[in-house]
Amino acid sequence: MNDIIETELRHTSGLYSKQNFAIVRGQGASLWDSEGNEYIDCSSGHGVANLGHAHPKVAAAVAEQATKLITLFETFPNDQRAALMEKLTALTPGLERVFFCNSGAESIEAAIKFARLSTGRTGIIAAMRGFHGRTLGALSATWNKKYREAFEPLVPGYSHVPYNKIEALEKAVTDQTAAVILEVVQGEGGVYPADPGYLEAVRELCTERGALLVIDEVQSGFGRTGKMFAYQHYGITPDLLCVAKSLAGGIPMGAVLLGPAVKNLGPGLHGSTFGGNPLSCAAGVAALTAIQEENLSQQAAEKGEYLKEKIRALNLPIVREVRGLGLMVGIELKQKVAPYLKALQEKQIIALNAGLTTIRLLPPLVITYEQLDKVVAALAEVLAAEMSMSSTDESG
C-alpha cells in the first residue's frame, strides 16, 4: 500500500488531497483497500457508481465491445450508439435528440452553446449554491467562490439568483436570457431539492419569455432520486437535459438530450472526439438495461426513505436537518463536517461533504439494507461524539 501512495504522491499534480489508503477493488456497494480492508461506499465516486462497482452486465458489455470496436467518431453511424440513443430518448419523452460527450462539465458546456445558438441571446442565469462543473463555461454557472476566484475573469453574461425563489428569477429573466440552468437537487450546494411548484413555475416562465430551460442531472440522474430522472418528480420537461456520471456504469460518458426548442445546430458547430464512442455506448446500453431490469429507481426511493427515517429516529442533537430525494441524502449538522467524515472513514464508511456543514450520502443503488444499517450505526456513534470532536478540525 505504501508503494502505491508514495508513487502517487511523487507524481500527482497537486490538485487532490490524497487519502492514506489505496483502493484496489470494488463489488456492489463495497470497496477494498490494498490491505484487504472493506469499506461501505456512500460516495459512489461522487455519484458515478449508481449500479455499484464491477456490475457484471457492464463488465461483460465492455469486455465484448473492446474486442470489436473501441473508438469511432460520430460522423460514422454505429450499432451501439444507435442503440443507446434509442434507449436514452425512450426514457425522456419530449427529448428526441442526443449529443454525446465525455463528462458532466462537457455536457453543460454544450448545453450553454446550444442555448445561445438556439435563441440568439447570450445571458445565462444559474442558481446560488449551484454546481455545474469546473471548465470555464460551466464554472461561470457555478456559484461557490472557492471554485471561481482563482480563474477570474470568467465567461461574461452569467448571473445567479437564489434557488427556490421564483420571484427572483422573474426579475432576472429578460429578452437577453438564453437559458436558465438549474439542478433539481443541489448536490454540492447542500443536497437541497426543488420546492413543490418551483420547477413548474420556472418552466412556465422560460416558455413565456423565450429562454431555454437547462436541467443539470449529472449527479441526480439514472435512478438516484427514486425516478429515472429527478425532474420527473415535478411533471416538467426541460429543453435541454445534461447527464453524465452513472450513464455508462462508470465508463466516462456524458450527454445532452435536446427538445424541439433547440435549433440552429449544424455540422461543425460543436463536436467531441471521443463522444459516443462504441465502448462507452455499449457500457451505457448495459447500464440502462440493468437499472430497468433491477428496478433500481424504485429501490432508491424505498432505500432512501428507509435511510432518512433511520437517521431521523436517532434524534441526534448535532443534526439540524435530514433531507434529499431517494438515495441522494444530506445530513446538515450544527457544525463543520470534516472531522465527522474522517471518523466515519475510520469506521470504514466513505461519505462526502456538501458544503461545510452537510454530510452527503450517495451510496450505490444496489446497497443492501444490512449495509444501510451499518451506515446508520456508524453515524449514530460518530455524531454522538460531538463534544470530543467539535474542536478537532475547523478547516471544513
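Q: Is glutamine 292 buried, partly exposed or exposed in this predicted model?
A: The relative accessibility of glutamine 292 is 38%. Buried would require under 20% and exposed over 50%. Because the value falls in between, glutamine 292 counts as partly exposed.

Q: Which residues is glutamine 292 in contact with, leaving aside its neighbours within four places in sequence?
A: Glutamine 292 lies in helix 10. Its C-alpha atom is separated by 9.6 Å from that of phenylalanine 222, which is 70 residues apart along the chain. With neighbours within four places in sequence left aside, the contacts of glutamine 292 are Lys87, Leu91 and Met228.

Q: How is helix 3 oriented relative to helix 10?
A: The axes of helix 3 (residues 56–66) and helix 10 (residues 278–293) come within 8 Å and cross at roughly 155 degrees. Angles over 145 degrees count as roughly antiparallel. Helix 3 is therefore, relative to helix 10, roughly antiparallel.

Q: How many residues of the contact of helix 3 with helix 10 are nonpolar?
A: Helix 3 passes helix 10 in a right-handed crossing. On the helix 3 side, Lys57, Val58, Ala61, Val62, Gln65 and Ala66 take part, and they meet residues of helix 10 including Ala282, Ala283, Ala286, Ala287 and Ala290. The residues of this contact comprise 2 charged, 1 polar and, as nonpolar, 11.

Q: How is helix 11 oriented relative to helix 13?
A: The axes of helix 11 (residues 296–313) and helix 13 (residues 369–383) come within 10 Å, with a crossing angle of roughly 25 degrees. Angles under 35 degrees count as roughly parallel. The orientation of helix 11 to helix 13 is therefore roughly parallel.

Q: How many residues of the contact of helix 11 with helix 13 are charged?
A: The crossing of these two helices, helix 11 and helix 13, is right-handed. Helix 11 contributes Glu302, Lys303, Tyr306, Leu307, Lys310 and Ile311, while helix 13 contributes Tyr369, Leu372, Asp373, Val376 and Leu379. The contact of helix 11 with helix 13 divides into 7 nonpolar residues, no polar ones and, as charged, 4.

Q: Which residue of strand 12 is the bridge partner of phenylalanine 100?
A: Strand 4 (residues 97–101) is mostly covered, with 4 of its 5 residues buried. Strand 4 and strand 12 (residues 254–258) pair in the antiparallel sense over 5 bridges. In strand 12, phenylalanine 100 has as its bridge partner alanine 255.

Notes: Residues numbered from 1 in each chain as written. Predicted model: local features only at pLDDT ≥ 70, side-chain atom pairs only at ≥ 80, totals over all residues. Heavy atoms only, no water. Axes fitted to C-alpha atoms, helices over the stretch in contact; angles between N-to-C directions. Parallel < 35°, antiparallel > 145°, perpendicular 65-115°, else oblique. Left-handed = near helix turned anticlockwise from the far one by under 90°. Contact = heavy atoms within 4.5 Å. Nonpolar A, V, L, I, M, F, W, Y, C, P; charged D, E, K, R; others polar. Buried < 20%, exposed > 50% of the residue type's maximum accessible area, 1.4 Å probe, protein only. Pairing = 2+ DSSP bridges.
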